[in-house]
Amino acid sequence: MPLLTVENLSKRFYVDQLQREIAVFDRLSFTLEPGQFILVSGANGIGKSTLLRCLYRTYRPSAGRAIYESRRGSIDLVRAADVDIALLRREEIGFVTQFLRPRPRVSALELVAEPLLAGGTALRDAEPRAKAMLESFGLKPALWGAYPTMFSGGEQQRVNVARALIAPRRLLLLDEPTASLDSSARASLIARLRELKSDGVALVGVFHYPDEIRHLVDGEIHFESGALPPELEAQNVDQ
Amino acid sequence: MTVISSRPSSPNSNDAPRLITAPPLLRAKGLRKTYGRIVAVDEVSLEVYPGEVMGIVGESGSGKSTVLRLLNLEEPADVGAYTLDIPDYAGVNLFTLERFARRMVQIQHIGIVYQNPYLGLRMRYTSSGNVAERLLITGERRFSTLREAARSWLAASEFPLDRMDDPPRKLSGGMQQRVQLAKAIALKPRVLLLDEPTTGLDVSVQALVLDTLKRLQRELHLAMVLVSHDLGVIRTLADRVLVMRGGRVIESGLTDQVLEDPQDAYTQQLVHAKL
């Protein structure tokens, strides 16, 4: 049984200031099995991240269904109650972004341990796992207790990926997670994704250099300009 | 990306919660409050689950502080029901309680931190005394127990214990907020109300207080309602958010969704007005 069944998913933004509605994608359908990796490809600004954000409900889908088979039962991510989405985010669905959102005076180690603590893991168990994650992504131990607000972009991204991947998830949404990583950190991330995939985690991802993960990919959603139905094709705008 | 019609999408409505089976801890339905001819709050409903932080944003005069006063049982709503899932009072509209019972619910089950520490603290008592006073109200008289409780709740609020016998008026703004917080949680309430708790503090102090709040929320599994006009504070702490304007809730949703894909025209302006 698919973990996720997306049917006719559409996203339009209504921008009041412009008195206009902007369509990003329309009637998109696909299924995702446990352990499958779907690559989302297409030109910049075409709406790849928008799809991921709709599935995570950071954006509200405009129409369609996204039936997700959670451990607690089947649910439509498009219409699910906010508290149900919040629960899924704590327990089952993860999102890996391109950027860390560091908070002042919160150390790298604390940031990485946080998703475990939020899920109810005790501090004494969470801390060694957070250290192991930071180590596997190559952040120098001297920086573990330091505040990432002062880190370089590459160091911040190591913390970000460690934080995003530390808690067990069944569905991972990846939004260019390799963007600011150097080659060694990128290699450990890809190794980690391979492990997760073989453990049965389903992945949907946008990658700036798709070739580096091509060997993991089971399917591809390719966004093309002009792919929207003719009645929506009024005029193209830059994002 | 393609621009189409000038007609907004039909508004989304959510299904009722299905995965979450426990009842909400706090439930307010159809609240209305008027002062003379002024309608301060109208048709406001919210549900907050244990361990959840509900943010309320809006400009001054939007009614957000009035909602907090109602939830703190400082005054009853003209219309509407307010229930907490607590022993002896489950299903009881707390606005209908007589004064003494209302006061007991307020003391034992609801904690509050005000923006202005003068509202929440006796500025000339010691800080430890401010916290211990909560236990005195419930009948605790043993000095050692009071002292120990004050010490441990101040420590939980990350207050520097070598200052615990200083009166709040001699403390910095950040420390005063920590005393308020220790006092608010000293009787292990189920609900913690926060009215602009970090407004007016230096940015670095604000970050530390927010972090303490985040840790306490996780450890005590409270239902928190946080009123703030600061979207950064809301983003850091709140799981969900209500946007208020003119006494009404005009939008609600997951915090990241309301901030990044606001549906209402006013919310779009509010979010983009942020520097």
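Predicted model: local features only at pLDDT ≥ 70, side-chain atom pairs only at ≥ 80, totals over all residues.

Student: Which strands make up the open sheet of chain B, and in what order?

Tutor: Here is the general idea: strands of a sheet pair through backbone hydrogen bonds, either parallel or antiparallel. In chain B, three strands form an open sheet in the order S3-S2-S5, and their pairing is antiparallel. Strand S3 (38-48) and strand S5 (79-84) of chain B are the edge strands, each pairing on one side only. From one strand to the next, the twist averages 20°.

Student: How many bridges join S2 of chain B to S3(B)?

Tutor: Strand S2 (residues 26-35) of chain B is joined to S3(B) by seven bridges, and the two run antiparallel. To find one of these places by eye, look for B:Arg27, which stands opposite B:Glu47 in S3(B). Then look for helix H1 (residues 64-71) of chain B, which lies across S2, S3 and S5 of chain B and runs at about 120° to S2(B).

Student: Now chain A. What is the strand order in its open sheet of five strands?

Tutor: The order is S6-S7-S8-S3-S9 in chain A, and here the pairing is parallel. Strand S6 (93-96) and strand S9 (219-223) of chain A each have a single partner strand, so one side of each has no neighbour in the sheet. The twist averages 15° from one strand to the next.

Student: Which residue stands opposite A:Ser41?

Tutor: A:Ser41 faces A:His222 in S9(A). Strand S3 (residues 37-42) of chain A pairs with S9(A) in the parallel sense, over five bridges. Helix H1 (residues 48-56) of chain A packs on this sheet, where it touches S3, S6, strand S7 (171-175), strand S8 (202-206) and S9 of chain A. The direction of H1(A) makes about 150° with that of S7(A).

Student: What does a hairpin look like in chain A, and how many residues lie between its strands?

Tutor: Look at S4(A) and S5(A), which form a hairpin with two residues between them. They pair in the antiparallel sense over four bridges, and A:Tyr68 has A:Ile75 in S5(A) as its bridge partner. Strand S4 (residues 63-70) of chain A also pairs with S1(A), antiparallel and over five bridges. There, A:Glu7 has A:Arg65 as its bridge partner.

Student: How many residues of each chain are in contact where chain A meets chain B?

Tutor: In chain A, 55 residues are in contact with 39 residues of chain B. Together the two chains bury about 4400 Å², 52% of it on carbon and sulfur atoms. A:Glu21, A:Arg60 and A:Val83 supply 16% of the area that chain A buries against chain B, more than any other three residues.

Student: How many salt bridges are there between chain A and chain B?

Tutor: There are four salt bridges between chain A and chain B. One to look up is B:Asp15 with A:Arg79, whose closest N and O atoms are 3.3 Å apart.

Student: Which element of chain A gives the most to the side that touches chain B?

Tutor: That is H2(A), with eight residues. By type, the residues on that side of chain A divide into 25 nonpolar, eleven polar and 19 charged.

How values were computed. Residues numbered from 1 in each chain as written. Chains lettered and ligands numbered in written order. Heavy atoms only, no water. Pairing = 2+ DSSP bridges. Axes fitted to C-alpha atoms, helices over the stretch in contact; angles between N-to-C directions. Contact = heavy atoms within 4.5 Å. Buried area = accessible area lost by both parts, 1.4 Å probe. Salt bridge = Lys/Arg side-chain N within 4 Å of Asp/Glu carboxyl O. Nonpolar A, V, L, I, M, F, W, Y, C, P; charged D, E, K, R; others polar.
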